[in-house]
Amino acid sequence: MVEIRLKNSKSRRIEVLQPIEPGKVSMYVCGPTVYDRAHIGNARSAVVFDQLFRLLRHVYGEGNVTFVRNFTDVDDKINARAAEEGRKIADLTAETAQWYLDDTRALGVLDPTHMPRATEYIEQMVAFIEDLIEKDFAYARDGHALFRVRSFDDYGKLSGRSVDDMIAGARVEVAPYKEDPMDFVLWKPSADDIPGWDSPWGRGRPGWHIECSAMAHSILGETFDIHGGGADLLFPHHENEVAQSCAAGHGFANIWMHNEMLQVEGKKMSKSLGNFFTVRDLLDSGVPGEVIRFVMLSTHYGKPMDWTEKKRVEAEKTLRKWYAAAEPGDAVPEAVVAALADDLNTHQALAEMHKLDGAELGAALSVMGLWEGQVPEWAVSDGADLSAFAARLGTAREEAMQTKDFSTVDALKSALTDAGVEVRMSKAGVDLVPGPNFDPAKLENL
Ligand SMILES: [Zn+2]
């Protein structure tokens with residue numbers, strides 16, 4: 001079996017992946033909080049961990065990889081957005097979760113094995129918190145439940161910070177119901193007009209950190225192999241996840257992975273700079289999903305990535321070339337697998353692909369999530385190719401109107417139809433639309 005090595009954020013070293021249960025791999029990745037469209041920074045995380053999922057399936061077999069990615073559908077940002085728009089929270093979260101699936105699927109992202117929603121696991125969260133309180137790692141006060149950070153000696157180990165530094169950094173919230181400003185919320189009370197569930201501490205809702213831990217343990221068990229997410233989640237979200245899980249006596253993930261952030265044309269993406277865009281914006285402007293994915297994978301996940309127009313153009317050119325040279329295949333060349341197994345070096349994997357063609361290239365494109373056995377429509381429907389045929393057909397029709405001999409027109413039409421092109425003729429002119437089965441090779445001798 002191919003040895004997969006991954007950079008573990010916890011040890012800050014490259015480690016060999018050694019599954020807890022030999023031959024099977026389990027992975028949890030923090031998913032979106034569903035109140036808005038995914039921007040391309042969110043999409044980077046989705047693509048990176050999809051690529052890891054694809055590598056794991058390739059190496060261990062599809063049935064041997066369990067991948068959980070959650071939807072956070074209870075959160076104050078959601079409540080605020082719903083109030084702002086005068087909508088029902090459930091409608092907002094259902095719609096946004098579907099958008100997330102539509103948009104990431106367009107980038108070749110496979111559906112994870114499980115996609116739990118936080119609101120389906122409230123009972124497990126309550127039990128988790130009760131257990132922490134019983135073990136004295138947490139306490140209840142004024143309708144809240146809080147994790148007692150100083151009771152957990154290893155707090156700060158994952159992100160490499162000390163509790164005292166964090167206090168000095170002072171982005172901690174001081175509140176009357178906290179014993180210590182560092183303590184974080186496990187449960188908080190809900191006013192009547194926002195979502196709430198009954199609990200031993202009154203009607204309320206969970207804090208964000210407990211959601212992921214409860215879902216991960218409920219589905220994957222006490223310990224699992226990989227926990228992933230964006231680098232922005234390392235602190236406090238993942239630090240808090242580790243603290244509450246390990247304090248409760250569960251183990252947790254053996255390997256933690258974090259993808260770095262995304263910039264646009266060398267600048268941080270922000271609404272005020274006008275360089276903020278969603279995956280849907282890009283897709284609607286005509287950028288194919290495969291091109292977006294290619295650009296994302298051209299930078300190693302552990303480095304900040306810069307989205308540029310130049311990269312987009314280059315990616316489209318390369319993909320057109322590859323699609324023209326590829327044939328369906330299953331045997332992924334070793335060099336490509338080796339690059340991916342080397343801490344998911346997608347940059348190197350793409351570099352190796354420049355040396356390939358035929359079935360090897362097709363198999364490599366598949367494992368990279370860049371094609372599903374046939375060339376995507378955008379890559380074949382090169383308008384220039386068909387416009388010459390449209391002009392010929394137009395001229396032939398004009399002549400036929402004079403001579404009443406339509407045999408040339410009919411021959412051209414049936415040849416185009418055979419090649420998978422839809423022929424639309426009207427008074428306004430001839431329109432040729434390549435269908436999903438368009439095969440340009442069939443037009444070569446026409
Ligand atoms: Zn999470």
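Q: Which residues form the covered face of strand E1 (residues 5-8) in this predicted model?
A: Strands (E, at least two residues) are DSSP runs, numbered from the N terminus, and residues are numbered from 1 along each chain as its sequence is written. The model is predicted, so that local features need pLDDT of at least 70 and side-chain atom pairs count only at pLDDT 80 or more, while totals for chains, interfaces and linings use all residues, and side-chain values use heavy atoms, without hydrogens and water. Arg-5 and Lys-7 make up the uncovered face of E1, and the covered one holds Leu-6 and Asn-8.

Q: Which residue of E2 is the bridge partner of Arg-5?
A: E1 runs antiparallel to strand E2 (residues 13-16), and four bridges join them, where pairing requires that DSSP finds at least two bridges between two strands. Within E2, the bridge partner of Arg-5 is Val-16.

Q: Is Arg-81 buried or exposed?
A: Arg-81 forms a salt bridge with Glu-84 at 3.8 Å, N to O, a contact defined as a side-chain nitrogen of Lys or Arg within 4 Å of a carboxyl oxygen of Asp or Glu. Both residues lie in helix H2 (residues 76-85), three residues apart, about one turn of the helix, helices being DSSP runs (H or I) of at least four residues. Relative accessible area, with a 1.4 Å probe and protein chains only, is called buried under 20%, exposed over 50% and partly exposed in between. Glu-84 is exposed at 62%, whereas Arg-81, at 18%, is buried.
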